[in-house]
Amino acid sequence: MGTAISLDLADDLPAALLRELADEVFGWLREVDARFSTYRADSEVCRFDRGELSFAETSTDLRTVLERCAELWGATDGFFDAYATGRLDPSGYVKGWSAQVASDRLRAAGAANHCLNAGGDVRVRGHSVTGRPWRIGVRHPWEATATCLVLTGTDLAVATSGVYERGPHVLDPRRGAPARGLRSVTVVGADLGLADAYATAAVAMGPSGVGWLDRLPGHLHAVVTDDARQLHSTALPLAD
C-alpha cells in the first residue's frame, strides 16, 4: 500500500494465537496490495482498467469496491471520484476498507481489543493493554513529529487525508486540478472505509468541505486549513 502498517493486539491470548492473528491480518493486507495497487501492472485493478478483465470476471472484492466507489461518487456529489486522475484509482477507499475488514475479522476471531493503523487510517476497538481507551494522535500537518490533537475511544474509525506528505495530490474532479484550502481532514465514524472516502472527498471540496462535513450524519471531523486554522466538531472525542 506504500505506507507503514502497525497492529497492536491487546487481548490476553496465547502468544501462538496472537502471532497467527497478526499473520492473517498482514497476509490479507498484502493480498489487497497485490490486487488493488495502481503501481503494479499485473494487479487486478490495473488489468480491469486496461479492459483486460470484464466486470463479471473480476473478484468479489473488486466488484464490492467498485460498487461502493460508485455509491460514494453519488453521496459526495462527485467529489469522491475513483476516476479523478483519468484512470481507475480506488485507493481513497481501499486502504480504509481493507483495514476495516481486517479489524472485523480480528473481532470475530476473539481479539476484541486491538488497534490497527494503516498509514494514519486507524481502527480501534476495546481497550489498550493498560485497560484504558485507546489514544489516537492526529499528525500535525506541518510538524512531522508532532500531533495537532489526540482522540480517545473504545470503538472508533479515524481516517485522515492531507497534502502534507505527498503534496497536493488530491484532485478537485470538477476542475481537474489539485484541491486547495484544506491542509488536513480527519473524519471519525464507525466504518473506516467510509471515513477514508469522506476525508478524501472533503479535501477535494476545498473550504466548502467544512460545511459539508458539518452536515454529514453519523460522523465527526477535525480540519486544518491551508492558513493554519483548526476546526472540529464539538462532540469530537478529544483526550484530556
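# A walk through a predicted structure

Let's start at aspartate 77, which is found in the loop between helix H3 (60-75) and H4. Helices here are DSSP runs of H or I with at least four residues, strands are DSSP runs of E with at least two, and both are numbered from the N terminus. Before going on, note that this is a predicted model, in which local features need pLDDT of at least 70, side-chain atom pairs count only at pLDDT 80 or more, and totals for chains, interfaces and linings use all residues. Residues are numbered from 1 along each chain as its sequence is written, and side-chain values use heavy atoms, with hydrogens and water left out.

Back to aspartate 77. Its phi is positive, about 60°, although aspartate 77 is not a glycine. Aspartate 77 is also exposed, with a relative accessible area of 55%; exposed means over 50%, buried means under 20%, and partly exposed is in between, using a 1.4 Å probe and protein chains only. Alanine 228 is another residue other than glycine with a positive phi, near 75°. You'll find alanine 228 in the loop between E10 and E11, and at 47% relative accessible area alanine 228 is partly exposed.

Now follow the chain into helix H4, residues 91-108. Not counting residues up to four places away in sequence, serine 103 touches His114, Leu116, Arg123 and Arg125, where contact means heavy atoms within 4.5 Å. Just after H4, glycine 110 takes a positive phi of about 100°.

What about the greasy parts? In soluble globular proteins, nonpolar side chains tend to be buried together. The largest nonpolar core in this model has 53 residues, and those with the most contacts inside it are Tyr93, Trp97, Val185, Trp212 and Leu213. Such a core is a set of buried Ala, Val, Leu, Ile, Met, Phe, Trp, Tyr and Cys residues joined through side-chain atoms within 4.5 Å. Helix H5 (residues 192-205) gives this core its largest share, 10 residues. There is also a second, separate core of 16 residues, including Val122, Trp134, Leu151 and Val224.

Let's zoom in on a couple of residues around here. Leucine 213 is in contact with Val185, Val187, Ala202, His221 and Val223, leaving aside its neighbours within four places in sequence. Tyrosine 198 sits in helix H5 and is buried, with a relative accessible area of 11%. Beyond its neighbours within four places in sequence, tyrosine 198 is in contact with Leu72, Thr76, Val187, Trp212, Leu216 and His219. Tyrosine 198 and threonine 160 are 38 residues apart in sequence, with 9.5 Å between their C-alpha atoms.

Two other buried residues are worth a stop. Serine 37 is in the loop between helix H1 (15-36) and helix H2 (44-49), and is buried with a relative accessible area of 10%. Serine 37 and serine 91 lie 54 residues apart in sequence, yet 8.0 Å apart in space, C-alpha to C-alpha. Aspartate 172, in strand E7 (residues 171-172), also counts as buried, at 10% relative accessibility. Not counting residues up to four places away in sequence, aspartate 172 touches Phe79, Ala177, Pro178, Ala179 and Ala204.

Finally, where is there empty space inside? Rolling a probe the size of a water molecule over the atoms shows where empty space is left. A search of the whole structure finds 1 cavity of 30 Å³ or more. A cavity is a set of points, on a 1 Å grid over the protein atoms alone, where a 1.4 Å probe fits but cannot get out, and its lining residues have an atom within 4 Å of a point. The largest cavity holds about 60 Å³, a volume being the space filled by probe spheres set on the points, which are joined across faces, edges and corners. Strands E5 (147-153), E9 (182-189), E10 (220-225) and E11 (230-232) each supply at least two residues of its lining. Among the lining residues are Val138, Cys148, Ser184 and His232. The lining divides into 7 nonpolar, 4 polar and no charged residues, where Ala, Val, Leu, Ile, Met, Phe, Trp, Tyr, Cys and Pro count as nonpolar, Asp, Glu, Lys and Arg as charged, and the others, Gly among them, as polar.

Definitions and conventions
On a 1 Å grid over the protein atoms alone, a cavity is a set of points where a 1.4 Å probe fits but cannot get out, and a pocket is an open set with protein on both sides within 12 Å along at least five of seven lines; lining residues have an atom within 4 Å of a point.
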